[in-house]
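Good morning, and thank you for coming. Please look at the sequence and the structure as I go through them.

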Amino acid sequence: MNYLNELKEYAKEHYVPIARLDVVEYLDTLIKKNKYQTFLEIGTAIAYTSIYLALQNKISIVTVERDLQMFKTAKDFINKYQALNILQIYEAASYFYPENKYDLIFIDANKSHNLLYLQRYLKCLTSQGTIVIDNINLNDLLGDVPIKKKQKYEMINQTLIENIQKIPNIEYQIKREIGDGIAIIKQSF
Ligand SMILES: C[S@@+](CC[C@H](N)C(=O)[O-])C[C@H]1O[C@@H](n2cnc3c(N)ncnc32)[C@H](O)[C@@H]1O
């Protein structure tokens, strides 16, 4: 898969954070196992995850990005790899209220808003659908950040997990061993 190497190299060279490969593979497995047909991604970056899933599956993808430079770079890669089943939206997620429902929703944008996005996008989830939130461990984000910022991020994720537990009619799992840790949320009936 040459495209994966190129995208990974680009991300490394330009310091673009992308999901780890085992997270993308996990999303791919969910799509295949559940025969999912629609995927919404919050936070495109260079479309690493979206391009992988688009080329591996017959799936309709919508991906949202607020940074214009990222949006344009993602467009170039999407065109280059002919990932025609990807619809890009240039918008800040806080202003993005989808009209459609999605089978799989990947929340991977500004981590401080994860709870807000979870609450909002749960309403856009199909009955058998799954939401995945990335970076529950925060290892990929913290690096050498000052201690105060580190504590702030840790508090945000702690609050996220505490609040996930309080949301009615959902079931959730935290898988810390996948990528940088993911939360997996489904509706329960
Ligand atoms: C970790 S990267 C996404 C990686 C991508 N999901 C992947 O797997 O390759 C986070 C991206 O979210 C974008 N972002 C941050 N806040 C956002 C927001 N409020 N709305 C939309 N995109 C946002 C950033 O510009 C960045 O490109």
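This is a predicted model: local features need pLDDT of at least 70, side-chain atom pairs count only at pLDDT 80 or more; totals for chains, interfaces and linings use all residues.

Residues are numbered from 1 along each chain as its sequence is written, and side-chain values use heavy atoms, with hydrogens and water left out.

Let me begin with the fold. The protein chain contains 7 helices and 7 strands; these are DSSP runs numbered from the N terminus, with helices being H or I of at least four residues and strands being E of at least two. Read from the N terminus, the order is α-α-β-α-β-α-β-β-α-β-α-α-β-β. The radius of gyration of the protein chain is 16 Å, close to the 16 Å of the globule rule for 189 residues, so the chain is as compact as a globular protein of that length. Here the radius is taken over C-alpha atoms, and the rule is 2.2 Å times the number of residues to the power 0.38.

Of the 189 residues, 50% count as buried. Buried means under 20% relative accessible area, exposed means over 50%, and partly exposed lies in between, with a 1.4 Å probe and protein chains only.

Which residues have the most contacts inside the largest nonpolar core? They are Phe39, Ile51, Leu53, Leu104 and Val132, in a core of 36 residues. Such a core is a set of buried Ala, Val, Leu, Ile, Met, Phe, Trp, Tyr and Cys residues joined through side-chain atoms within 4.5 Å. The elements that give two or more residues to this core include helix H1 (2–13), helix H3 (48–56) and strand S4 (102–107). Helix H2 gives the most, with 6 residues.

Leaving aside residues up to four places away in sequence, isoleucine 51 touches Tyr3, Leu7, Ile46, Phe77, Ile78, Tyr81, Ala83 and Ile86, where contact means heavy atoms within 4.5 Å. There is also a second, separate core of 25 residues, which includes Val64, Phe96, Ile105 and Leu118.

Leu118 is one of the buried residues of helix H5 (residues 114–122), along with Asn114, Tyr117, Arg120, Tyr121 and Leu122. The buried residues of H5 pack against several elements, among them strand S1 (38–42), S4 and helix H7 (147–166).

I turn now to the ligand. How many residues surround the ligand? There are 21, and the closest are Gly43, Thr49, Glu65, Ala93 and Asp108; a residue counts as near when one of its heavy atoms lies within 4 Å. An oxygen atom of the ligand is 2.6 Å from an N or O atom in the side chain of glutamate 65, and a nitrogen atom of the ligand is 2.8 Å from an N or O atom in the side chain of glutamate 41. The ligand taken alone exposes 600 Å², and the protein buries 91% of that.

Finally, two loop residues. Most residues other than glycine have a negative phi. Tyrosine 15, in the loop between H1 and H2, has a positive phi near 55 degrees. Leucine 138, in the loop between S5 and helix H6 (139–142), also has a positive phi, of about 70 degrees. Is each buried or exposed? Tyrosine 15 has 76% relative accessibility and therefore counts as exposed, whereas leucine 138 has 2% and counts as buried.

Definitions and conventions
A polar contact is a pair of N or O atoms within 3.5 Å; within protein, one must be able to donate a hydrogen and the other to accept it, and residues adjacent in sequence count only if both atoms are side-chain atoms. Accessible areas come from the Shrake-Rupley method with a 1.4 Å probe; for residues, only the protein chains shown count as cover.
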